[in-house]
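This report describes selected features of one protein model. Please look at the sequence and the structure before reading on.

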Amino acid sequence: MQYDAAMIGLGTMGRNLILNMADNNFSVIGFDANPATAALLLPEANHNPSLAIASSLEEMVSKLKTPRRIFMLVPAGKIVDDVLSSLSPFLEKEDIVVDSGNSFYQDTERRVAEMQQLGIHFVGMGISGGEMGARFGPSIMPGGDKNAWPRLQPLLEAVSAKVNGEPCVAYMGNKAAGHYVKMVHNGIEYAIMQLISEVYDVLKHGAKLSNQELHAVFAAWNANELQSFLMEITAKVFLKKDAETNNDLVDMILDRAGSKGTGKWTSQDAMNLPVSIPTIDMAVAMRDLSAFKAQREQAYHLYQKKTPENTAAKEEIIAAAKDALYAATIICYAQGLAMLQQASIKMELAIPMQDVVKIWRGGCIIRSASLNDFYKAFVELPNLQNLLLSPTIASMVTKAEDGLRKFISLAIQQKIAVAASASALGYLDAYTSEKMPVNLIQAQRDFFGAHTYERVDKQGPFHTDWEA
Ligand code: 6PG
């Protein structure tokens, strides 16, 4: 039997994605360098005859219909290059290799060029939705060689999540556009998670809500315009008990957050472009700061930090927090999407913005009700440079803006760090400023370094002898 597609790497994501392909009536063959990992697949698939395991890459390649479609889901970095060099000798011109992991986009750019030399179509593809998404419908972001897309499209559309019957997959643009879009998706993911955690902090320590009450608040928010996957799982987290102690599990988790680097890459690349994504930057910074637990404890005692008595009513804080989360979340999507647009122009990626927001509506970690509004905004104004310039989005933000201001003031009075929320408001206030105070910065730069400045009334660079 010759198979429709192959999967290299049968860890959590690879195994779930290949099972999803088999469920959708594609015959698939998998390979994993660890035979014990590979052996888990067939029992999980109830020995579905359209799914097989290969004991070597050579065997896997020989059992594929040509031109071949080979997916890889292995850890990002050197392993991807190692797999490609082991695989390449068995490939033929026109075969397609799809790296579906969270690879750094510059690695993908290099690999696209290297594989092109061999006549192989290399596709960098982002997948979002975690384990359950991979199994039952993720959001899929393929980019790269456009000639490969029609041959991947039926398979990817079948396995992807659907919203109103429309698949959550689309061609994301040239070169490493697929991995670039996924990187920015993850930056937004970091930012939204940070915003939610700030709201949690204020509701728990400012408004003194119990975990039961926190569950009720997040569940209620998830039933209206704040509906999102992250809201849904957050509500559930507050109900989970620790099997060992029977305490609420959330209270047993150490306040030190890990990361695999995609948020950091987003911030680094934004600064290189350059484009402002302060809420994503702050989310990365707060995860990094969380690692310094011992220093934080020391500083807590040194500063004798006491939360001042809260004077606002619980309901008032909850209402402000709701609006704050709503507005700040829209602003962080706006930052990420504006970054994608700049990157697309600068690197000639031709990223279709309308499709990006369309395929993020389902399957992915940052899926939310707001994405429907963003999609409509891009349909109405296809050349929208920043979501905040859409009149519809502007009215959504304006409606919640007062709540964001109030939430931040309450948090500041309570000595609760809401740096990401404040950065979102700062971005909004600066972005909607006809005049920013950077004329003064230009004067200072020219004063101490003769860096020159532009004038409001005539063209050209100017320099002043400031002490003359
Ligand atoms: C997804 C996720 C997934 C993963 C990230 C973030 O879209 O399914 O983004 O790819 O959760 O790698 O991981 P870290 O928080 O560990 O960086």
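In this predicted model, Arg287 touches Tyr190, Met193, Ala257, Gly258 and Ser259, leaving aside residues up to four places away in sequence. Arg287 belongs to helix H14, which covers residues 278-290.

Which side chain of opposite charge is nearest to Arg287? It is that of Glu189, at 5.3 Å. A salt bridge requires a side-chain nitrogen of Lys or Arg within 4 Å of a carboxyl oxygen of Asp or Glu, and Arg287, although buried, has no salt bridge. A polar atom of the Arg287 side chain does, however, lie 3.0 Å from the backbone oxygen of Gly258.

**Two further buried residues**

Ser139 is placed in strand S7, residues 139-142. Ser139 counts as buried because its relative accessibility is 0%. The side chain of Ser139 reaches the backbone oxygen of Ile359 at 2.6 Å. Apart from residues up to four places away in sequence, Ser139 touches several residues, including Gly126, Ile127, Ser128, Cys168, Trp360 and Cys364.

Ala270 is part of helix H13, residues 262-272. With a relative accessibility of 1%, Ala270 also counts as buried, since buried means under 20%. Its contacts, again not counting residues up to four places away in sequence, are Val275, Ile277 and Met339. Ala270 and Val98 are 172 residues apart along the chain, and 26 Å separate their C-alpha atoms.

The distances given for these residues are collected below.

| Pair | Distance |
|---|---|
| Arg287 side chain and Glu189 side chain | 5.3 Å |
| Arg287 side-chain polar atom and Gly258 backbone oxygen | 3.0 Å |
| Ser139 side chain and Ile359 backbone oxygen | 2.6 Å |
| Ala270 C-alpha and Val98 C-alpha | 26 Å |

**Helix H20**

Helix H20 has 13 residues, 419-431. The buried residues of H20 are Ala420, Ser421, Ser423, Ala424, Leu425, Tyr427 and Leu428. These buried residues pack against helix H9 (177-206), H14, helix H16 (314-347) and helix H19 (391-413). One of these partners, H14, is the helix in which Arg287 is found.

**The two domains**

How is the protein divided into domains? Domain 1 comprises residues 5-171, and domain 2 comprises residues 182-431. Taken over C-alpha atoms, the centres of domain 1 and domain 2 are 32 Å apart. Contact between them involves 25 residues of domain 1 and 18 residues of domain 2.

Technical notes
Residues numbered from 1 in each chain as written. Predicted model: local features only at pLDDT ≥ 70, side-chain atom pairs only at ≥ 80, totals over all residues. Heavy atoms only, no water. Helix = DSSP H or I, 4+ residues; strand = E, 2+ residues; numbered from the N terminus. Buried < 20%, exposed > 50% of the residue type's maximum accessible area, 1.4 Å probe, protein only. Lys, Arg positive; Asp, Glu negative; His and termini not counted. Polar contact = N/O pair within 3.5 Å; in protein donor to acceptor, adjacent residues only side chain to side chain. Contact = heavy atoms within 4.5 Å. Expected span 1.5 Å × (residues − 1). Domains from an automatic or database assignment.
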